[in-house]
Amino acid sequence: MLGYLVRRILVLIPLLFSLTVLLFFYIHAVPGDPIAGMLGPDSTPELIARLRHERGLDLPLWEQYWRWFAGLFRGDLGISLINGAPVTPIVINRIPATLQLTLCSLFLIVAIGFPLGFLAGKHQGSWIDRILSPTALLGLSTPAFWLGTLLILIFAVRLGWFPAGGYIPFSEDPIESLRRTLLPAFALGINLSPLLARLVRAATVELKREPFVIQASGRGLKPNTITRRYLLRNAVLPVLVIVGMQLGGLLGGQVIIEQLFSWPGVGRLLVEGAVQRDYLLVQSLILVVAVIYVLVNLAVDVLHASLDPRVKL
Amino acid sequence: MNLIMRRQDSLVDAVAKARPSGGAKAITLRAIVANRRALTGGLLTAIVVAIAIVGAFWTPYDPLTFDAEHNFAGPSWDHLAGTDIYGRDIFSRLMAGAKVSLLVATGAVAGSFIFGTALGVISGMFKGAVDAVLTRVIDLMLAIPGLVLAVGVVTLLGPSAVSVTIALIGVYTWQFARIIRASVVAVRDRPYVEAARGLNMGTWAIIVRDILPNVMPVLIVQSTTAFAWGILDEASIGFLGLGVQPPAPSWGSLLIEGRQYMYQAPWLPIAAGAVVAIAVLGVNLLGDGLRDIVDPRSDGVKS
């Protein structure tokens, strides 16, 4: 186990390094002059040249990369193109709001999707089973911004049950904080839960055919015991895999939901940066998101390997 | 997106095992009519495309003309989806906006189809270092959530329909490359490809004559799915205020207006979102149906 962990972490180092190279050159391959774009019609060649020099953008490309990369090692995400302020503290400021929203919505996805999928798989052909596939497709096709808007219009405007957004730190007022998280978390996660349900269903159906389950019923164990001891426990595994797989969609959806609910998270920061055309900020934020994605997937893999003895270490 | 991607990987595997050629089953009109999902999705898609074509030439009201006396009017027989802050008919704007939205999605699919197929075929046909490097690059690019990456490109290019198209090509290309590579690997060592090599045919001739026709059905399924993403992502980027800019109508630009006036004119975001949802649902259904046709044993549908 330890060896496996060490191996995975060693692989991570070249992976993250390649990611920075790829992202940096991907962003710099986009044609056009971002400084002129940012300054708009007021820009003059002198102004552009001065800003370039101040932000170190007149250096050769490889040197710009090296400065960025060396900074990353010290936890320095570079500077903002707009005002030259360091990016790291700005990002750190935004992380709690995003983390809270992501965790709440992951919780909702699993809390809704897992029981549904498990029941559908256990009772194949029942009504839950039959509506699952269409609902999953419906969920995939429902845009997050639309769902979020409908939720605001119904639950915030019409019924007045929840505020239409605005973040309060959990440490300040836990209950109000969670009340405010519920609507955006729901909008972010609800369309992914039928997908989770569908995969849990598939896993459960396969489990029912496993020799150890058949043998258990042959031994005369009660159906409830079999469900609890053999089916339920093993159906938890795919949840892990799916969490890693759906994270990309979740991180993307975050950008939209944070905008809609005025949620001061990393996603909203990305949009603010994009609107102001601060590509240095945006570049670092994309890296942060990608690294989170890679790390969570690593964590999921390791957890999966430690829970499932069939995964070869 | 990720999930769909992995499902398609298993599609490639299943197809490779089930068919002696290793290629996917052909998509015929008859098969589409026989498949309920493909038929429903195809009809919905056709209706959306028809509305976009009509909307490009004719709309009930002029989508750009102000009518201050009738601003923020709710849905009625005169204005099916109500009017906006300037009294413009939202239904007409949705019709006119369909053109830009569908063009962006089409451009995104076409571009990523070309680049993705090229990358995938190169990666799949040339084993060794080229393949190893390309596979790593593709995997890494897929580790960046699509919408986030697209926002990055739009930051540099500025908000417009063309930049959104380019940004989306930069996202979908990797998805195409991945699935095409898997398909090429599945067929590249088949006897008929060996035979072609034995006949001294060049690599490119083999790619064009033997490989591409066999991966075409998978490509069609992938393109359909990507078209649905394209519609959804254009709308999402527009909603963020980074896409087509008002007053020009596109579904994305209507959505940002919808967000601004959500409380005064709730019918605007509801109608614009519904149109996007219907279009995406139609194309997704078509894609799912086509996937069934290409691989009849695919999961979920015929359980």
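Modeller: Chain B exposes about 12,100 Å², and carbon and sulfur atoms supply 67% of that area. Areas of this kind come from the Shrake-Rupley method with a 1.4 Å probe; for residues, only the protein chains shown count as cover. The model is predicted, so to speak of local features pLDDT must be at least 70, and side-chain atom pairs count only at pLDDT 80 or more, while totals for chains, interfaces and linings use all residues. Residues are numbered from 1 along each chain as its sequence is written, chains are lettered from A and ligands numbered from 1 in the order in which they are written, and side-chain values use heavy atoms, with hydrogens and water left out.

Biologist: What is the accessible surface of chain A, and what share of it belongs to carbon and sulfur atoms?

Modeller: Chain A comes to about 15,100 Å², with 68% belonging to carbon and sulfur atoms. Its C-alpha trace spans about 85 × 55 × 35 Å along the principal axes.

Biologist: How many helices and strands does chain A have?

Modeller: Helices (H or I, at least four residues) and strands (E, at least two) are DSSP runs, numbered from the N terminus. Chain A has 13 helices and 0 strands. For chain B the secondary structure comes to 11 helices and 0 strands.

Biologist: What percentage of the residues count as buried in chain A, and what percentage in chain B?

Modeller: Buried means under 20% relative accessible area, exposed over 50%, and partly exposed in between (1.4 Å probe, protein chains only). In chain A, 50% of the 313 residues count as buried; in chain B, 57% of the 303 residues do.

Biologist: What share of the contacts in chain A joins residues 24 or more positions apart?

Modeller: Contact means heavy atoms within 4.5 Å. Taking contacts in chain A with a separation of 6 or more, residues 24 or more positions apart account for 72%. In chain B, 73% of the contacts between residues at least 6 apart in sequence join residues at least 24 apart.

Biologist: Which residues does L188(A) contact, leaving aside its neighbours within four places in sequence?

Modeller: L188(A) lies in helix α8 (residues 174-189) of chain A and counts as buried at 5% relative accessibility. With those neighbours left aside, it is in contact with L101(A), S105(A), L250(A), G253(A), Q254(A) and I257(A). L188(A) and G253(A) are 65 residues apart along the chain, yet their C-alpha atoms are separated by 6.2 Å. For the C-alpha atoms of G125(A) and C104(A), 21 residues apart along the chain, the separation is 31 Å. G125(A) sits in the loop between α5 (87-122) and α6 (127-141) of chain A.

Biologist: Is Q283(A) buried or exposed?

Modeller: Q283(A), in helix α13 (residues 279-307) of chain A, is buried, with a relative accessible area of 2%. Not counting residues up to four places away in sequence, Q283(A) touches L23(A), F24(A), I27(A), H28(A) and W68(A).

Biologist: At what angle do helices α10 and α11 of chain A pack?

Modeller: Axes are lines fitted to C-alpha atoms, for helices over the stretch in contact, and angles run from 0 to 180 degrees between N-to-C directions. Angles under 35 degrees count as roughly parallel, over 145 as roughly antiparallel, 65 to 115 as roughly perpendicular and the rest as oblique. Helix α10 (residues 211-218) of chain A packs against helix α11 (residues 223-260) of chain A at about 175°, with the axes 10 Å apart. The pair α10(A) and α11(A) is therefore roughly antiparallel. On α10(A) the contact is made by F212(A), V213(A), A216(A) and S217(A), and on α11(A) by I226(A), Y230(A), L231(A) and N234(A). These residues divide into 6 nonpolar, 2 polar and no charged. In that count Ala, Val, Leu, Ile, Met, Phe, Trp, Tyr, Cys and Pro are nonpolar, Asp, Glu, Lys and Arg charged, and the others, Gly among them, polar.

Biologist: Which residues touch the most other members of the largest nonpolar core?

Modeller: A nonpolar core is a set of buried Ala, Val, Leu, Ile, Met, Phe, Trp, Tyr and Cys residues joined through side-chain atoms within 4.5 Å. The largest has 155 residues, and I231(B), W251(B) and V276(B) touch the most other members. Another core, of 6 residues, lies apart from it and includes L286(B) and L290(B).

Biologist: What is phi of S262(A)?

Modeller: Most residues other than glycine have a negative phi. Phi of S262(A) is near 45°, a positive value in a residue other than glycine. S262(A) lies in the loop between α11 and α12 (266-276) of chain A and is partly exposed, at 42% relative accessible area. R277(A) is not a glycine either, and has a positive phi of about 60°. R277(A) is in the loop between α12 and α13 of chain A and counts as buried at 16% relative accessibility.
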